Amino acid sequence: MSEDAQQEVRAELAYLDPRTTLGRQFIARGARVATEVVTRHPVTVRDGRPVRGSFALDVQGFALVDHRSAVTDFTDPAQLEQVYVAEVCRFVQEQLGADRVLSRGWELRRSVDPAAHGAQPPAGGVHVDYAPDHVPGMVARAHARAFPDAPGFRRAVVTSTWRVFSPPPQDWPLALCDSRTISPDAGAPITTYFVDELPADPFGPVDHLKPVGSSWKVRHEPGHAWWWFPGMTRDEVLLIKLGDTDRGAAGPAPHTAFPDPAGQGGVPRHSIEFRTFAYFD
């Protein structure tokens, strides 16, 4: 199918406003508050299904892959621990050809009643889960803790395996940006804090809190190329690059949830994202 024949939709995506001077986000059960200023920009989001075979982790930074899971209930922590961890680590190792894969845990998201099952709402801002400058030290520390007797590694790739387990079409599908269309200075780090309750003043003192990492929020650029895969099922996953210690390889792929492009509300989206560190000797 030619590019002209592909379905396109227009969506307003929430980008980081250049006027943001302080980058913090606080995450509590089912809720989030942040200090960044957000600005919305209309973009074209193209349907990737007609050309799904042309996407690759080391080209655009993401790929749609078939993967059937033995998990029957993705809200059951026992099944996730006993079945899904091994499934995803094996899947990532096979897809990337890595020597070792380390689980970094999962996160559930729900567009309705997001606090149920310890979930979060869909992530509505253009972002990458980890700031690029944070990745090298993060993967090195994790490797030293998990594999103390293993040799050093020459490369580490951080990924998210993203699966929706509510029926299609979803009310908040995921849009992904071709990593080749993102300039290196397009984003800024946002320090993340996990808290029991959201602070009344997110700009206030944080000396009593321990940051858990830094995400990367992206500013708008006119050349960004956006894609989505409508009607995803539980038997397919999006493999998304979140970081790479090889700066010569494809960079991470910014992504964001966006409203149902059909404008009919869709089915409430329930999804699970599972982050991993893949190491190459």
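Start by selecting Pro132, Pro184, Trp216, Arg247 and Pro252: of the 22 residues lining the second largest pocket, these lie nearest its centre. Keep in mind that you're looking at a predicted model. Two elements each give two or more residues to this lining, helix 2 (135-146) and strand 13 (236-244). Colour strand 13 if you like, as it gives the most, with three residues. The pocket's volume is about 470 Å³, and its lining divides into 12 nonpolar, five polar and five charged residues.

Now stay with Trp216 and pick His127, which touches it along with Lys217, Ala253, Pro254 and His255, leaving aside residues up to four places away in sequence. His127 sits in strand 7 (residues 127-128). Is His127 buried or exposed? It counts as buried, because its relative accessibility is 10% and the cut-off for buried is under 20%. Look for the backbone oxygen of Gly125 too: it lies 2.8 Å from a polar atom of the His127 side chain.

Next, the core. Select Val45, Trp226 and Leu238, which touch the most other members of the largest nonpolar core, a set of 45 residues. A second, separate core has 25 residues, including Val85, Val157, Leu239 and Phe280.

Last stop: the largest pocket, with about 1,100 Å³ of space. Nearest its centre, out of 45 lining residues, are Gln25, Ile27, Glu107, Thr192 and Phe194. By type, the lining splits into 20 nonpolar, 12 polar and 13 charged residues.

Definitions and conventions:
Residues numbered from 1 in each chain as written. Predicted model: local features only at pLDDT ≥ 70, side-chain atom pairs only at ≥ 80, totals over all residues. Heavy atoms only, no water. Helix = DSSP H or I, 4+ residues; strand = E, 2+ residues; numbered from the N terminus. Buried < 20%, exposed > 50% of the residue type's maximum accessible area, 1.4 Å probe, protein only. Polar contact = N/O pair within 3.5 Å; in protein donor to acceptor, adjacent residues only side chain to side chain. Contact = heavy atoms within 4.5 Å. Core = buried A, V, L, I, M, F, W, Y, C linked by side-chain atoms within 4.5 Å. 1 Å grid on protein atoms, 1.4 Å probe; cavity = no way out; pocket = protein on both sides within 12 Å on 5 of 7 lines; lining within 4 Å. Points joined across faces, edges and corners; volume = space filled by probe spheres on them. Nonpolar A, V, L, I, M, F, W, Y, C, P; charged D, E, K, R; others polar.
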